[in-house]
Amino acid sequence: MKPVWIKHATQLVTMASSSLTGPRTKEAMSELGIIEDGSLWIENDVIVKIGTTEQLEHDFADRAHEADVVDAKGKLVTPGLVDPHTHAVYGGTREQEFEKRLEGVSYMNIMNAGGGIHATSRMTREATEDELFEQSWRRLDSFLKHGVTTVESKSGYGLNLETELKQLRVMKKLDEAHAIDLIPTFMGAHAVPKEYKGREDDYITHIIEVMIPKVVDEELAQFNDVFCEKNVFTPEQSERILKAGKEFGLTPKIHADEIEPFNGAELAAKVGAISAEHLLKASDEGITAMAKSGTIACLLPATALYLREEAAQGRKMIDAGVAVAISTDCNPGSSPTTSMPLVMNLACISMRLTPAEALCAATINAAYAIGREEQAGSLEVGKKADVVMWDVPNYRMLQYAFGVNHVEAVWKNGQQVV
């Protein structure tokens, strides 16, 4: 494979800093590591050199003829975006529910009537592995076109052993075959299936004693997530599930405080979760606890918009010292989108993040939220060459032009895929 030389970027945003370690918090979320007239040399799928164009023209003067040269004059170049919270592998669609919500029916009422997660569970159970693979492949293609090179994906639309394993096996196949890196999370605790209604503790025991061991035995997931919410799983039940996963080596995540304040953020800090998701109704005490524990807040502004809810308090969390990441929450019911550029826009508009903070939340902090900070989220020597070139001259333009996809080209592991 020929080297790739991207040069003359008006702004090269590296997200790199020799003085910063760990996920970015407070003022550090605005330190983007910008190189004006920037340049990077890619070889054997990794970044070999990064600096100004003048520096690289000097260093590679005798090798310039070997490379595929990309003129990025007038362009912005950034790391590939990282989406740290999706439900990207599922069967069917739920456009009828969108209409019902517009008529005033709440998300939880739809779910309690057998729709919502339960509806997607039925369709996912019915779908074959090949059907799930084909549908999900198209979604991953769309992520790439929006500048996303790494995606976390949860199970949770099976709610039985067979279908949970089917979802995770499809994720494994997609990770092996598709350009995108797909990071799997087990989420058998997404809801209580209808066949266990009234026997919730029996289902939790089934998750702990049957599902988790089988998932780990087949090496199908790295994380364990639970929907801690009123009428779903209580904080006590959620803690049991997350601690059981930890005993099997699964890192805890938690859907927390989305619909009502429910001590989910506090639980995330207590169990040492790598991230807590949603957090629309997180308490001040929960935010403080997350800042102390280092739990990353994974915020989902597109979901809040789609459900017509007030977004999470991103500004307050950053000011309190919480590391914030953002995500599409790509799923069939509450956020059927693959557009991380839109999510960055919404993070600024609805959660009062600055453009710099939004880009940090979609790159390096998002990578930390899924344990991929050594491979993704920044442009640094030795890292995989996941790179996006945008048809704008500076990073502020990504958030300024609302709802526009400015992606011009994407490289994944050094190979151009868009």
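Visitor: With the side chain of which residue does the side chain of Ser155 make a polar contact?

Guide: This is a predicted model, in which local features need pLDDT of at least 70 and side-chain atom pairs count only at pLDDT 80 or more, while totals for chains, interfaces and linings use all residues. Residues are numbered from 1 along each chain as its sequence is written, and side-chain values use heavy atoms, with hydrogens and water left out. A polar contact is a pair of N or O atoms within 3.5 Å; within protein, one must be able to donate a hydrogen and the other to accept it, and residues adjacent in sequence count only if both atoms are side-chain atoms. Ser155 is found in the loop between strand E7 (148-154) and H6, where helices (H or I, at least four residues) and strands (E, at least two) are DSSP runs numbered from the N terminus, and at 2.6 Å its side chain makes a polar contact with the side chain of Glu164.

Visitor: Which backbone nitrogen does the side chain of Ser155 reach?

Guide: Ser155 has a relative accessible area of 0%, so it is buried (under 20% relative accessible area, with exposed over 50% and partly exposed in between, using a 1.4 Å probe and protein chains only). Its contacts (heavy atoms within 4.5 Å), not counting residues up to four places away in sequence, include His87, Phe186 and His190. At 2.8 Å, the side chain of Ser155 reaches the backbone nitrogen of Met187.

Visitor: Is Lys7 buried or exposed, and which residue's side chain does its side chain join in a polar contact?

Guide: Lys7 is found in strand E1 (residues 4-13), and with a relative accessible area of 14% it is buried. Leaving aside neighbours within four places in sequence, Lys7 is in contact with several residues, among them Thr53, Val70 and Asp71. The polar contact of 3.3 Å joins its side chain to that of Glu57.

Visitor: How are H5 and H6 oriented to each other?

Guide: Helix H5 (residues 129-145) and helix H6 (residues 161-177) pack with their axes 10 Å apart and at an angle of about 50 degrees; axes are lines fitted to C-alpha atoms, for helices over the stretch in contact, and angles run from 0 to 180 degrees between N-to-C directions. Angles under 35 degrees count as roughly parallel, over 145 as roughly antiparallel, 65 to 115 as roughly perpendicular and the rest as oblique. H5 and H6 are therefore oblique.

Visitor: Which residues in H6 meet those in H5?

Guide: On the H5 side, the residues are Glu129, Leu132, Phe133, Ser136, Trp137 and Leu140. Those in H6 are Lys166, Arg169, Val170, Lys173, Leu174 and Ala177.

Visitor: How many of the residues of helix H13 are buried?

Guide: At the start of H13, a side-chain oxygen of Ser339 reaches to within 3.1 Å of the backbone nitrogen of Leu342, and just after the helix Arg352 takes a positive phi of about 65 degrees. The buried residues include Met340, Asn345 and Cys348. Helix H13 (residues 340-351) is largely enclosed by the rest of the structure, because the number of its residues that are buried is 9 of the 12.

Visitor: Which residue takes a positive phi just after H9?

Guide: Helix H9 (residues 264-271) is mostly covered, with 6 of its 8 residues buried. Those buried residues pack against elements including strand E9 (223-228) and helix H10 (284-293). Just after H9, the residue with a positive phi of about 70 degrees is Gly272.
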